[in-house]
Amino acid sequence: MAEAHQAVGFQFTVTPDGINFHLSREVLKHIYLSGVTSWRKRAIQFKNGILTGVYPASPSSWLFVVIAIMSSIYARLDPSLGMIDSIRKMLPVSDYLTSQSQTVLSAILFATGLWWSLILLLRFTLKVLLSYHGWIFEPHGKMSSSTRLWMSLVKMFSGRRPLLYSFQASLPRLPVPSIDDTICRYLESVRPLLDYDQYKNMEIVANEFKKDQAPRLQKYLWLKSWWASNYVSDWWEEYIYLRGRSPIMVNSNFYTMDLLYMIPTHRQAARAGNVVHALLQYRRKLERGEHIPMRALGVVPMCSSQYERMFNTARIPGIETDCVQHMRNRKHLVVYHRGRFFKLWLYYGGRHLLPSELEQQFQCILSDTSEPQPGELKLASLTAGNRVPWAKARQKYFSEGVNKTSLDAIETAAFFLTLDDEAHGYDPDRAESMDLYAKSLLHGKCFDRWFDKSFTLVVYKNGKIGVNAEHSWADAPIIGHMWEDILATDYFRLGYTEEGHCKGDINKGLAPPSRLQWDIPKACQEVIEHSYLIAKDLADDVDFHGCVFEEFGKGLIKKCRTSPDAFIQLALQLAHYRDKGEFCLTYEASMTRMFREGRTETVRSCTIESTAFVQAMEDTAYTSEQRLALFRKAAEKHQNMYRLAMTGAGIDRHLFCLYIVSKLLDIESPFLNQVLSEPWRLSTSQTPQQQLNLVDIQKFPKYVGAGGGFGPVADDGYGVSYIIVGENLITFHVSSKYSCLENDDSLCLQDSHRFGQNIRQAMLDIRELFSLKEKAL
């Protein structure tokens with residue numbers, strides 16, 4: 001009970017002689033320090049808000065403009081062309097304002113207006129400059145004089161030392177492509193997938209849509225593009241993510257792994273202590289907006305809006321649609337371990353808990369031998385099953401009392417942490433180690449991750465870590481940016497003692513984590529069990545294969561004078577054709593963050609050029625020179641489509657928004673219905689490395705990331721994620737489902753593994769084309 005007494009700042013007793021107060025100096029000290037920290041945080045946020053609000057100018061530039069205007073007045077010059085005198089006449093007459101004071105005040109008001117007008121002019125100029133995308137279409141390694149001039153101007157107008165959100169007001173809006181361009185590119189993308197009659201029929205349907213319905217729908221999109229910050233993102237979040245009623249586990253959430261080869265400590269509590277402390281440091285900089293904004297080529301800024309909801313965020317289930325709840329200034333964490341939920345305070349005396357203190361807290365949880373309360377063990381499976389039962393259960397059983405209090409603690413926590421009782425990680429001597437590691441991060445036991453949280457940090461008993469992230473609030477590069485920072489901080493800044501503990505002293509004054517309390521009736525337990533069984537069936541149906549490709553990497557591919565991404569995408573096309581004997585609609589995620597509130601666009605990687613190359617690879621009548629020529633043509637096509645997608649000229653988000661408008665207007669479109677119902681049987685995504693300056697891979701070759709992955713988008717398709725690390729490593733994450741494979745039973749159990757092997761062989765076969773050319777030369 002000592003902790004309970006320490007938690008009270010003062011006590012009083014009523015006696016016949018009066019009321020006696022007993023103050024706790026220690027608690028009052030902590031209250032004082034917490035207040036100081038809170039006000040310091042507000043002051044820093046206010047200062048950074050001012051810096052961001054006037055960017056690319058600075059607050060000191062206002063003083064410069066005021067001094068310049070005042071100096072001109074005293075020199076009997078009027079740079080305002082009479083405006084200062086007009087402002088002076090509009091000021092109220094007062095005994096406290098002399099004629100000279102009125103003139104000074106009028107000059108200050110004019111200078112402030114002039115200063116703000118110059119800021120708006122700078123922002124507009126920068127927005128116009130950032131609307132130019134010719135640089136991205138120039139050949140790699142070559143830069144025209146016009147692009148050099150443009151880049152110099154962008155640097156000049158971008159200011160110095162920008163904060164995370166400094167460029168938000170200067171980013172251009174995502175443009176609405178023309179109907180003609182979208183329809184033309186769509187027909188081109190489906191040509192290799194349809195026979196002659198099917199394609200002619202699609203042409204007719206598309207042209208009818210372009211002539212009859214599209215102009216009206218397009219007008220509404222133009223209106224929205226001018227009214228809203230982004231004509232796609234809000235609808236994309238709502239209709240693609242939040243309105244989905246099927247489980248988000250596997251179908252939507254994705255995962256990110258630890259470093260591939262290294263484990264800095266095998267002590268679970270210590271690893272959790274360092275990583276959580278690193279996350280708190282990252283969150284503090286994020287709340288203050290102090291992270292450096294990402295910039296392409298070190299010049300073109302990326303939109304940072306998705307970072308805002310990284311912490312203290314949860315997806316809240318609803319009957320028809322979910323919503324994303326984001327809170328501020330929450331100072332606790334919820335930890336799951338062996339069926340129990342614990343609440344852990346992250347601050348002590350107005351500061352973050354130190355790594356050693358966090359290790360101490362996590363060790364308390366690991367050493368706790370108490371049993372789960374009735375219904376507590378599999379409670380989180382509600383977030384893994386169908387959304388409607390979870391929404392109804394939340395309303396009925398978690399809207400009051402201890403259940404509401406405990407659920408609020410989870411949903412408002414900084415993030416969710418699972419201290420897993422299994423050991424996972426990549427082991428070169430165990431072929432299935434990456435597969436099991438991936439499945440554990442993606443779905444775990446179906447009840448030991450809170451899939452509705454913005455992200456769940458998983459710490460395994462052998463010290464390995466990973467993240468399961470909910471997808472609606474942000475895309476994978478946002479989590480990837482955070483994860484790169486966390487791993488670098490953990491390994492290179494915080495470190496561990498020789499015994500594997502966190503550095504620092506133990507604080508015996510900390511109160512231990514507290515158990516969350518639940519009162520879950522039998523009826524609710526039945527709902528939990530039902531959700532668990534649905535989630536377990538889904539998890540058992542997912543097949544994963546992790547392929548660590550070490551034969552060659554980006555370095556050798558660049559020597560072949562081709563894009564690493566195009567190289568891999570063509571290898572995936574070749575691998576899929578060998579695996580299924582046919583081509584399929586292929587999705588590759590591209591980002592549109594050069595625009596305000598941009599998220600993603602689709603690159604349709606299966607093209608006329610790529611299918612011609614694949615068919616040539618499988619036809620012995622073609623020579624190596626002919627195959628190589630077709631490869632280069634297909635790679636160039638892919639690169640051009642990727643550039644179009646990045647610059648707002650993709651087709652799929654445009655078609656998606658046209659479809660939404662048609663539904664809102666109750667317009668039936670056979671063309672849009674066909675487009676939006678086409679399955680993506682090969683869904684791919686590259687995990688980008690965004691902060692190459694954090695780790696010197698040449699000096700630390702084993703400190704390389706393993707990337708992450710996701711479940712298959714189509715039940716009868718593949719999901720493939722890959723990360724290109726350094727010069728000599730590419731890691732693939734391949735997913736599929738056992739239940740919908742079109743192969744005989746003897747091959748079903750190895751489907752993802754077989755596709756992974758096909759990818760490896762396709763990479764080697766394409767590399768052989770260049771080797772044969774080198775030998776011929």
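## Parallel strands around β19

In strand β21, I723 is the bridge partner of T687, where strands are DSSP runs of E with at least two residues, helices are runs of H or I with at least four residues, and both are numbered from the N terminus. Strands β19 and β21 (residues 718-725) run parallel and are joined by 6 bridges; two strands count as paired if DSSP finds at least two bridges between them. Strand β19 (residues 682-687) also runs parallel to strand β17 (residues 586-591), to which 3 bridges join it. Along this pair, T586 stands opposite L682 in β19, and E588 stands opposite T684 in β19.

## Basis of the model

This is a predicted model, in which local features need pLDDT of at least 70 and side-chain atom pairs count only at pLDDT 80 or more, whereas totals for chains, interfaces and linings use all residues. Residues are numbered from 1 along each chain as its sequence is written, and side-chain values use heavy atoms, with hydrogens and water left out.

## The sheet and its helices

The open sheet has 6 strands in the order β16-β22-β21-β19-β17-β18, and its pairing is mixed. Its edge strands, each pairing on one side only, are β16 (542-549) and β18 (600-604). From one strand to the next, the twist averages 20°, with axes taken as lines fitted to C-alpha atoms, for helices over the stretch in contact, and angles running from 0 to 180 degrees between N-to-C directions.

Helix α15 (residues 433-442) packs on the sheet, where it touches β16 and β22 (729-737), and its direction makes about 125° with that of β16; contact here means heavy atoms within 4.5 Å. Helix α22 (residues 652-664) lies across β17 and β18 and runs at about 115° to β18.

## D751 and helix α25

D751 lies in helix α25, which covers residues 751-776. Because its relative accessibility is 0%, D751 counts as buried, a class defined as under 20% relative accessible area with a 1.4 Å probe and protein chains only, against over 50% for exposed and in between for partly exposed. The side chains of D751 and Y718 are joined by a polar contact of 2.8 Å, that is, a pair of N or O atoms within 3.5 Å of which, within protein, one must be able to donate a hydrogen and the other to accept it, residues adjacent in sequence counting only if both atoms are side-chain atoms.

## Confidence

The mean pLDDT, the predictor's confidence in each residue from 0 to 100, is 90 for the protein, and 92% of residues reach 70 or more. Over residues 1-10, however, the pLDDT is below 50, and this stretch has 15 contacts in the model beyond near neighbours in sequence. Residues 743-750 also stay under 50, with 9 contacts beyond four places in sequence. Where pLDDT is low, the predicted coordinates should not be read in detail.
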